[in-house]
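Thanks for coming. I will go through one model this morning, starting with confidence and then moving to the contacts.

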Amino acid sequence: MQRSEIHLGLKAHLYHLSNLFLPLSVLVLLIVINLIKGADYFSFTMVKGAFYGNIPNILFGASELVILSIGMTLVTAASRGQDIGIGEAATISSAVFVWFVLNAGEVTLLTIVAAFLLSCVVGLVIGVFNGTLVSIFRVQPMVATLILFMGGRSIAFMIDGKLSPILANDISNQIGTVIPGVPIQTPIILTVVFIAIVAVVLKTTNLRLYVESVGINPNAARLMGINPKKIIFLTFLIMGICTAVAGFIAVNKAGRHDSVNLLKFIMMDAILAVAIGGNSLRGGKFSITGSIIGAYTIEILNRTMLRLEIETETIKAFKAVFIIILMVVGSPVVRVFAGKVINRVRTGRFRSVLKRSAPKSVKEE
Amino acid sequence: MSENILKMEGISKSFPGVKALDNVDFALQKGDIHALVGENGAGKSTLIKVITGVYEEDAGRIALNGRPIHFKSPKEAQNMGISTVYQEIALCPNLTVAENMFIGRGQYTFVQWKQMNEKAAQMLDSLGIPARPTQELSSCSLAVQQMIAIARAVDMDCKILILDEPTSSLDEDEVKKLFDLMRELKSRGVGIIFITHFIDQVYEISDKITVLRNGALIGEYQASALPQIELISKMMGKALSDVSKIKKHEPLKSDSSVPVYEATALSSAAGVRPFDFIIQKGEVNGFVGLIGSGRSESARAIFAADKVTGGEVKMKGKKVKIKSPLNAMKQGIGYLPEDRKGDGIIAELSVRDNIILALQVMKGFFRPLSRKQAEEFSNQYIQKLSIKTPSINTPIASLSGGNQQKVILARWLLTHPMYLILDEPTRGIDVGTKVEIQKLVLELAEEGMSLTFISSEIDEMLRTCSRIIVMKDREIVGELSGMDVTEHDVMHMIARGGE
């Protein structure tokens, strides 16, 4: 009895691992490719007291994508659709940020914080807009967010009043690069803080349970007292905050607000990160860990292409091929087949090996 | 007649942690209708899946027409003349009858419409199926759709036809038509394996009965030689005294105390006429009526599952507003919905999450149960209701129907409701679990819970409800209470009620 319980516990554990199998194995594969290209992949250098190198650069470069893919995961899980206007939403909220900073006179930390909070409010307003369309008017998420995808950059341009206003102050510079005395680049820290906040929210609320229930069976969820409309609305609000934070990081990194190119087409990568993370784009159960790993995987992929000296013009084609392979390998068809093969191997030669190791774990208990 | 077309010997099949089939024999003769019965988890579907090549057996031999075979895929089994028609109709509702019968069978690269329709007409006619080839499938009744699925299967040169719960969504008339079709096929020498939860139907049509229990073979019997009572006890593995022990309680005196729940002129957007309703502490009552009589709609109105459009509600004498399911839950009402798949289970979530969900919602968004607490609660109810599941982390969708229903029951019992509404809690589940649920209902009432029990099987309601509210055409037409209400009384009231 005791042994079987342990066995089941182990199985559940393996089940969770198997969901992360795809993103993790891709991650390992990419790192191996990079190591073959040059063994110095993990090396980093200290410049003016901060770490630089391949790994820090990946963490730095993926900040916005990681944050956006968290929002995308939740929206996908609850609404069974995707938000395709996130780059534009981030451009608008960061335009408001830049507008506030440039009109505030002297720039202090307080100015930046106030401007950031204001941009979060803008993000929430955008969330309310999208959320209302999707949850109350039942517009398909992709159609609802198409509106902002088309018009967002024009709105941002109007807020800017001109092309690419420059954000030239020390604090912005430090947010976009490093704070003197801190060895890690600021966007990396911000991302870690954001992930930590999300983790705390998931731990202290029923967000996961509610979102998954609504995504899997809204009728049943409603009959248990959950309001599916409110939950879908909530995920769009969270997405609004995500876009504001991502826009904040992006504009401080760039040092100017380029309303035409800021975070352009990032929704493609965000959706991809969700998919690589083992999440169904039809909603339901989700793994934010998977999406985060997916986001870093995409960043590593981009940088691997550069490292392999693939011509800039052809990078997208290579990326596409890589993703095709990834999706086929991770598809249910291949998974089921692999499961069968593994099963056969297990019931055959390896069974005795597994059995022999089982009592050991009991003793350890 | 004794020619075996299918013979299975010593079939065993294990899944991690479960022995689904243990040394089971099964034989099917030409032109026989052979019922395969057993409770949930008895191994019926596993056996079927072995026959149809979905699963590979771990041990045992299968012979088809005396020749040993070993299927590696469902396709292979199909090519050997084994066809299956499942409970859920797997056809395309937007195509025509003829298209559904022939499409995707790889006979023609280019569809010859005229020929196809002619052939379909011929077949429909010979099998006595009342449908036109050019009719859209969705315009046929469920029974006819079911028959067309069978016709499609039969035409694929079928020697063995497996019908998995074909009658569960059909009414009496439709069942009769389906049985006529089965008899027709039988006379053509097709061997039919018939799986159903309806014992009466087993006796109406089957020649032989094979009983499975917990993955083991209990025996093969001639239907005519096995009394119904004995069959049920063989399926449940215990003496029948258990069933007869189920005794409803004496009706309560109506003026005994303040009712737990009282509604006046309650109505909902689902279209039920304003109705009055009362339930006392520890009472079991129920709505009875034909499908469409408004019995489910009334229950849903009480729980505010549909938009409440009028009426006044009192709980324990105090006026309350119940405008949403959450309001109802907070007032101590629980509701097990009629449509288990559509409204009950959250399929991909674990058994644990499905059990704690309602309690969790009542506790609120910002107060999640700890993992330990959740596991404790789930284990407690898994034990209490003897839910069969490999683990609490198993997705509920992979449980059998009866066990899914028990999980949903556990979900509501965990919220400790004063008043629990059960709409068709026993539909589509095996006899053993049905009896368990009926017993549970009476136990709960004894502990002081009020329950409304709705079932389309009147005898179930007669056994459990001390007060039966009769509905017709979305209106309450009368009420029956007492220990000696009979099925006849109920029908009489339904028949008379409209006038």
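This is a predicted model: local features need pLDDT of at least 70, side-chain atom pairs count only at pLDDT 80 or more; totals for chains, interfaces and linings use all residues.

Residues are numbered from 1 along each chain as its sequence is written, and chains are lettered from A and ligands numbered from 1 in the order in which they are written.

Chain A averages a pLDDT of 87, with 89% of the residues at 70 or above. For chain B the average is 85, and 92% of the residues score at least 70. For the complex, the predictor gives an ipTM of 0.84 and a pTM of 0.77.

Now the helices of chain A. Helices here are DSSP runs (H or I, at least four residues), numbered from the N terminus. Two packed helices are described by the angle between their axes and the distance between the axes. The axes are lines fitted to C-alpha atoms over the stretch in contact, and angles run from 0 to 180 degrees between N-to-C directions.

Take α4 (residues 86–102) and α5 (residues 109–136) of chain A: their axes come within 8 Å and cross at roughly 150°. That makes α4(A) roughly antiparallel to α5(A), the term for angles over 145 degrees. The crossing of the two is right-handed, meaning that the near helix is turned clockwise from the far one by less than a right angle. On the α4(A) side, the residues that meet α5(A) include Phe97(A) and Phe100(A), and among their partners in α5(A) are Phe116(A) and Leu118(A). By class, this contact has 13 nonpolar, five polar and no charged residues. Nonpolar covers Ala, Val, Leu, Ile, Met, Phe, Trp, Tyr, Cys and Pro; Asp, Glu, Lys and Arg are charged; the others, Gly among them, are polar.

How do α9 and α11 of chain A pack? Helix α9 (residues 207–216) and helix α11 (residues 228–254) of chain A have axes 10 Å apart, at an angle of about 115°. That makes α9(A) roughly perpendicular to α11(A), the range for this being 65 to 115 degrees. Tyr210(A), Val211(A) and Val214(A) of α9(A) meet Pro228(A), Ile231(A), Ile232(A) and Thr235(A) of α11(A). Six of these residues are nonpolar, one is polar and none is charged.

Last, chain B. It is divided into domain 1 (4–239) and domain 2 (244–497), with bounds from an automatic or database domain assignment. Their C-alpha centres lie 34 Å apart. The contact takes 11 residues from domain 1 of chain B and 12 residues from domain 2 of chain B.

Methods. Angles under 35 degrees count as roughly parallel, over 145 as roughly antiparallel, 65 to 115 as roughly perpendicular and the rest as oblique. Two residues are in contact if their C-beta atoms, placed from the backbone, lie within 7 Å. pLDDT is the predictor's confidence in each residue, from 0 to 100.
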